[in-house]
Amino acid sequence: MTAAVQTHELTKRYKSDFRVRTITALDSVSLAVERGEVFGCIGHNGAGKTTLIKILTGLIAASGGRATIMGRAVGDAAARRDVGFLPERPYFYEYLTAREALRFYGELSGMKAAEIVGHSRALFEMLDLTDAAGRLLKSYSKGMLQRFGMAQALVHDPHLVILDEPMSGLDPIGRGQIKAIIQRLKDEGKTIFFSTHILSDVEQLCDRVALLAHGKLWYAGTVDDLTARYEQGVEIFVAPTHLKTIREGFGRFQPHADAPALFVPKGEDAQAVLKALVGRGIEVQRMTPRRKSLEEIFLAEFRKEEAR
């Protein structure tokens, strides 16, 4: 099956300083987003996330390489019909009601009137905007506008939904609502590609991720595969009744501060420690790898790139 999104050596260069200096915003980025997955694109400010999204949505042209959506070149109008897009800073005409604005976006997408009405009703219900659908958009809070932005991205029932920083600036309740919507879209079989700098959201939502740094693709794959590269050791959890015993009898290995567990650093023989625990009659409940978080990995690698 053709990938939902595919790029091959995608490059974007800008002229700056009166066209004397060239800035490379994207540098030979090759990746694939499979159909039906949630794919997160993360990176520091200026990493190239928004540039990549603008190329995929046809807002700007690439300087080199190629990109396809559902097997069609991004410049193909048929490819864009399969895409719903929410930019990072959307602007909606504030003197329209949400219902009027969504009808406008549906008409832009070539939908029939009856189809727009049905889709709008379902979207307002899904996004908890039914009671506010008749209000002017100027009266909406930031969180409500973001949910309306999701509605305009979804009104024509696209297969691919592209979201640029969809949770930026939202409070915890608003972020929770957007995350629930993304999960629901995935459950419906849609493909979601979103950029963010909120790494905890990526860990919770994404099947796979791409990490961009200074316009280059540093990593593409699952979060688990990435964090496994940075495994620090193993934590062995025991029954709480044995906490005193492990603190007194296994001094070479550091007990967990908040739980009945021993940390066995990478390179030590965790199986030998496990055998010693069992030999002393200590009930072992589980063994868990201790890994760096995605945020720790990202910050460490970003600092390496900055130092080069």
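H214 is partly exposed, with a relative accessible area of 36%. In this predicted model, H214 sits in the loop between β9 (208-213) and β10 (216-221). Its backbone deserves attention: H214 has a positive phi of about 55°, although it is not a glycine.

A second residue shows such a backbone angle. S28, again not a glycine, has a positive phi of about 55°. Its setting is strand β2, residues 21-33, and S28 is partly exposed at a relative accessible area of 39%.

T11 belongs to strand β1, residues 5-16, and counts as buried because its relative accessibility is 4%. Neighbours within four places in sequence aside, T11 is in contact with L26, D27 and S28, and also with A62, S63 and G64.

Let me now turn to the chain as a whole. It contains eleven helices and 14 strands. Along the principal axes, its C-alpha atoms fill a box of roughly 75 × 55 × 40 Å. Of the 308 residues, 45% are buried.

I continue with charged pairs. How many salt bridges does a search of the whole structure find? The search finds eight. One of them pairs the side chains of R208 and E37, at 2.8 Å from N to O. This pair links distant parts of the chain, with R208 in strand β9 and E37 in the loop between β2 and β3 (38-43), 171 residues apart. E37 counts as buried, at 8% relative accessibility.

Another salt bridge joins D82 and R72, whose closest N and O atoms are 3.5 Å apart. D82 lies in the loop between α2 (77-80) and β6, and R72 in strand β5 (residues 72-73), so this pair ties together parts that are ten residues apart in sequence. D82 is buried, with a relative accessible area of 15%, whereas R72 is partly exposed at 33%.

A further salt bridge is formed by the side chains of R89 and E88, at 3.9 Å from N to O. Here R89 counts as exposed, at 72% relative accessibility, and E88 is partly exposed, at 25%.

The cysteines come next. How many disulfides are found in the whole structure? The search finds zero.

I end at the surface. Y91, Y93, Y95 and L136 form a nonpolar patch there, with about 480 Å² of accessible area together. Is Y91 buried or exposed? Y91 counts as exposed, because its relative accessibility is 64%. Y91 lies in the loop between β6 (83-86) and α3 (98-108).

How values were computed. Residues are numbered from 1 along each chain as its sequence is written. This is a predicted model: local features need pLDDT of at least 70, side-chain atom pairs count only at pLDDT 80 or more; totals for chains, interfaces and linings use all residues. Side-chain values use heavy atoms; hydrogens and water are left out. Patches are made of residues with over 30% relative accessible area and no salt bridge: like charges are joined within 9 Å, nonpolar side chains (Val, Leu, Ile, Met, Phe, Trp, Tyr) within 5 Å. Accessible areas come from the Shrake-Rupley method with a 1.4 Å probe; for residues, only the protein chains shown count as cover. A salt bridge is a side-chain nitrogen of Lys or Arg within 4 Å of a carboxyl oxygen of Asp or Glu. Helices (H or I, at least four residues) and strands (E, at least two) are DSSP runs, numbered from the N terminus. Buried means under 20% relative accessible area, exposed over 50%, partly exposed in between (1.4 Å probe, protein chains only). Contact means heavy atoms within 4.5 Å. A disulfide is a pair of cysteine sulfur atoms within 2.5 Å.
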